[in-house]
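The following note is intended for a colleague who is new to this structure.

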Amino acid sequence: MTRRPYIVGNWKMHGTRAMLSEARAIDRAAQRHMKVEVALAPPYTLIHPIHREAEQIAVGAQDCHHAEGGAFTGDISAAMIADAGAKFVILGHSERRQGHGESDALVRAKAEAALAAGLRIIMCCGESAATRDSDKAVAFVKKQLKASLPPAEQMPAEIADKLTVAYEPIWAIGTGNAATTDDIAEMHSAIRALLVELFGEEQGSEVRILYGGSVKPDNAAAIFAVPDVGGALVGGASLTADSFMGIALAASEPFEN
Ligand code: PGA
């Protein structure tokens, strides 16, 4: 794989304007690590301020509504986040699927809306601890991902540019317990096979598959050395420029894919 590693920070519900200095520091550091594509998904309220100042990093959102507009109090459409400067949106994060009851069908509708608004999407998937313990993780994730993605005929021509997949086992998120490199290798290779099946060899083999779940500067290099890992979706460790860029630095070492 020849694509640049993609390191995306998911700030979740963290960050007021006081955090803009951290975003600035991340942007400055990203200018020194051009071999890596660095991006940040802050809360909605910080998309525009970060976009206005950023010279290097892309800014994205953590969710969007599936409709173009209407009577949806409290919701935000894909066009609105694009208008605020977002270039991408994270969809189907387990905290949305679990905390907000988002089904695969709803996530897919959001993906279609986001692509129609010209956004790139980061489609999340991942199994619970119970599913992992019952040895059904690979089958579960393949089914979840397939049902959450629009079919090939509804994808834009440049699928590999518009779509990134993030494998995030729920039990690894925010726990300090990242998946083992063997588990990551097994899952990413299964996801790769599914992407090739869905979108063909040319596009399916180029879609980047990020790993997410307790990625830190000290485990990043080992994770990035796993075949078919194209970068990371980073929660807690993306909140400071030091730790986030420590991960980006690990990604700027030669990839083994
Ligand atoms: P974490 O979160 O890095 O804090 O585990 C990852 C995520 O939920 O995207």
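1. A residue is near a molecule if one of its heavy atoms lies within 4 Å of it. There are 13 residues around the ligand, and Lys-12, His-93, Glu-168, Gly-174 and Ser-214 come nearest.

2. The model is predicted: local features need pLDDT of at least 70, side-chain atom pairs count only at pLDDT 80 or more, and totals for chains, interfaces and linings use all residues. Residues are numbered from 1 along each chain as its sequence is written, and side-chain values use heavy atoms, with hydrogens and water left out.

3. By class, the shell around the ligand holds 7 polar, 4 nonpolar and 2 charged residues. Here Asp, Glu, Lys and Arg count as charged, Ala, Val, Leu, Ile, Met, Phe, Trp, Tyr, Cys and Pro as nonpolar, and the others, Gly among them, as polar.

4. The structure as a whole contains 0 disulfides, a disulfide being a pair of cysteine sulfur atoms within 2.5 Å. Cys-124 is in none, and the nearest cysteine sulfur, that of Cys-125, is 7.5 Å away. Cys-124 is buried, at 1% relative accessible area, and Cys-125 is buried at 3% (buried: under 20%, 1.4 Å probe, protein chains only).

Key:
Buried means under 20% relative accessible area, exposed over 50%, partly exposed in between (1.4 Å probe, protein chains only).
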